[in-house]
Every structure is written in C-alpha cells, then in structure tokens.
Amino acid sequence: MKKTIFEMLKNADGCFVSGENIADKLKVSRTAIWKHIQQLRKRGYDIESSERRGYKLKDVPDLITPDIVQSGLETKFIGQDSRMVYEDSTDSTNELAKRLAYHGAENGTVVIAEKQTGGKGRLERKFFSPPGTGIYFSLILRPNCNPKDAAKFTLLAAAAVAESMKKFNLRAEIKWPNDILYDGRKIVGILTEMSASIEQVNYIVVGVGINVNERRENFPADLQKVAASLAEMNGGKNLNRADFFRTVLEEFERLYIFAETENFDEVFKIWRAYNITLGKQIKIIAADSGETFTGIAVDINENGALVVDTEDGRRVVYAGDVSIRETRD
Ligand code: ATP
C-alpha cells in the first residue's frame, strides 16, 4: 500500500495528488491513507499536505528501502514484490540470505541491509559496512547448474556492477576473481557462497558490498590505502544509491537470464573487457593448496577459473588471492 502511495506521489512530479484519488485507487478510506502518509513521514519522506489539494512529495530519503528501490525497478523477477528483504542492520546479508534460502526463499530474492555489523569477505575477512554510504546486498539464486559453475556467478556480479558503473560514466577495473578497483583500491567486494549436493546446486548466495558515497577520510585508518568509493571516482560528487542499486539489479538480471537461457559468453565478454588481471605478471596464493606461485595470467576458462602460465607450465586456479606485479611487456 505504501509503495503505491509513494508511486502515485512520485509520478505526480512535485504536484499535489488528492487524498480522495489515492483512496479511490486503493479502495480504502482517506483516514487510512493519512495514516500511511504519517508512516512514510516517519521514514523520512518529506510530504506536504493541504486540506484542499491533498499530498505532495517534496523529498525522498537517501535510503535503499524496498519502497524506494522497487519503484521504477525494471526487472522481471529479481527484487520484485516479496523478493526484497530489508533490514536496518544485520550481521551479514550473506548470512541472512543463507538462512532465508534454507527456509525456501525464492529465486531472485534480494537481501539488503543499511549496515552490516559482521560484513565479511573470503576467509572471514571483515568488510567495513557503515550505514548511509554503501550498498550491501545478497542475491539468492536457484540456477539449474552444477556446483563447479558457482564461481561464474561471482564474475557475473562483477560484470553487472561494471556495466552499471559505465551507465554512470565510471570505468570499472575488475581484479580476478571478485574485486572492483579504482586506482588499485577496492570499491566493490563480492562473496559467493552456495549449498549444493554433488551434482546439483540448491542455492547460490551472491553478496555484494559497494562503497558508494564514503569519503576516504571516513574509512578506518587501515582501509584508507586499500579502499575507494564511487563518489571518489565521480570527482567527489555523491551518487543516488537507489538509482545505482536499481541499475545493478537490472544488469544482473539481464546477464543472469542470458546465462540461464544461452551461456556465460556475454558475462565472460564483459568481464574480460573490464579485467585488469589478464596479461599481467601475478603472484597468486591458491586457496585449495595454500601454495604461492608466480606467472602470467593468460585467461579465464569456461568455469571462470584463472589460467596462469608459470615457469613449470600452465596451471588453473579456481580460487585464490592475486597480487598484480607488473605488465607483461
Ligand atoms: P581481498 O580480495 O582483498 O583478498 P576478499 O575478497 O577475501 O578480500 P572482501 O570482502 O572483498 O574479501 O574484502 C575484505 C578485505 O577488503 C579486508 O581484508 C580489507 O582489507 C578490505 N576491506 C574491508 N572493508 C572494505 C571496504 N568497505 N571497502 C574496501 N575494502 C575493504
């Protein structure tokens, strides 16, 4: 109900909408509408009211609540209707998403938190997630695929964010497998987790943390050298988080549907176009063996794994930490 009221006010483009009109459309009393307006005001919406003319939307809070994000979200299923769960604060959106997925949450459910108290990356590394400046969300996916394909969804998420950044005139640099960087510092971290039997994925949870409007001096001291934000890339100008978020969900869905119905070629093509790992001399710590070695990253294979040419021959790494040493030439 609140979403429809918000949409009617938003579509009026700064003009008044009468309480009667809204009440007629929703088939409830004008008093009921007034109560919902009061609740929207409590959430930070600036709504003017006039006894004669009705209600006028003057300002929308800088939040990424379902009302705001779903309004104008052009996806077919991702994040639509009850497929969007929002919390002011949670331990980690991936943890919450896994709990919801376990209890049957639908394919395309988006779990959002305004802040995370235990945001995490691989190997339980902490992801700094303060309120108001970032977008922290996890997507619950139920693709019909084999567990060995799960890592490709990390690349899909990176490609979706990179394409979204392009729409905001920002050029992403993707480091294999799961980071988007600016000036060598991380803007976006991605963490993919899954539940699967030997041959079939039950669900995949893709968590994405985006530093949108964080100022460099507001990162904790130890992160100032390794973290950056979209606003910093954008010459210090803030981005509207809801607008950016909608774009990411739309790009993600576009690539997801393509991958489900055709293949991952489109994802790989986009990923390659933005990657900064291929063709470089790298040092890599392989996650499975813990072994460290150096070589030239030559490509990603059909599973999204990194193919590295080392002095001892070609190796394929499914997960690991990469540091880029220098260019090949
Ligand atoms: P990495 O790619 O750095 O090896 P990861 O992929 O395992 O890390 P992430 O969640 O992407 O996991 O990042 C966690 C690491 O990133 C932390 O160890 C810290 O150095 C750094 N970091 C933590 N919070 C942020 C943040 N908000 N923005 C950028 N970097 C961060």
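Reply: Two strands count as paired if DSSP finds at least two bridges between them. The model here is predicted.

Strand β5, residues 134–141, runs antiparallel to strand β9, residues 201–211, and eight bridges join them. I135 has I210 of β9 as its bridge partner.

Now the whole sheet. Seven strands make it up, and it is open. The order is β3-β4-β5-β9-β8-β7-β6, with mixed pairing. β3 (84–90) and β6 are the edge strands, each pairing on one side only. On average, neighbouring strands are turned by 20 degrees against each other, direction ignored.

Two helices pack on this sheet. Helix α6, residues 152–167, touches β5, β6, β7, β8 and β9. The direction of α6 makes about 145 degrees with that of β8. Helix α8, residues 241–261, touches β3, β4 (109–116), β5 and β9. Its direction makes about 25 degrees with that of β5.

Next, the β6 end. β6 (residues 173–175) and β7 (residues 179–182) are antiparallel and share three bridges. K175 stands opposite D179 in β7. The link from β6 to β7 is a hairpin of three residues.

β7 then pairs with β8, residues 185–196. This pair is also antiparallel, with four bridges. Here Y182 faces R185 of β8 as its opposite residue. Two residues separate β7 from β8 in their hairpin. One turn residue, D183, has a positive phi of about 55 degrees.

Notes: Residues are numbered from 1 along each chain as its sequence is written. This is a predicted model: local features need pLDDT of at least 70, side-chain atom pairs count only at pLDDT 80 or more; totals for chains, interfaces and linings use all residues. Side-chain values use heavy atoms; hydrogens and water are left out. Axes are lines fitted to C-alpha atoms, for helices over the stretch in contact, and angles run from 0 to 180 degrees between N-to-C directions. Contact means heavy atoms within 4.5 Å.
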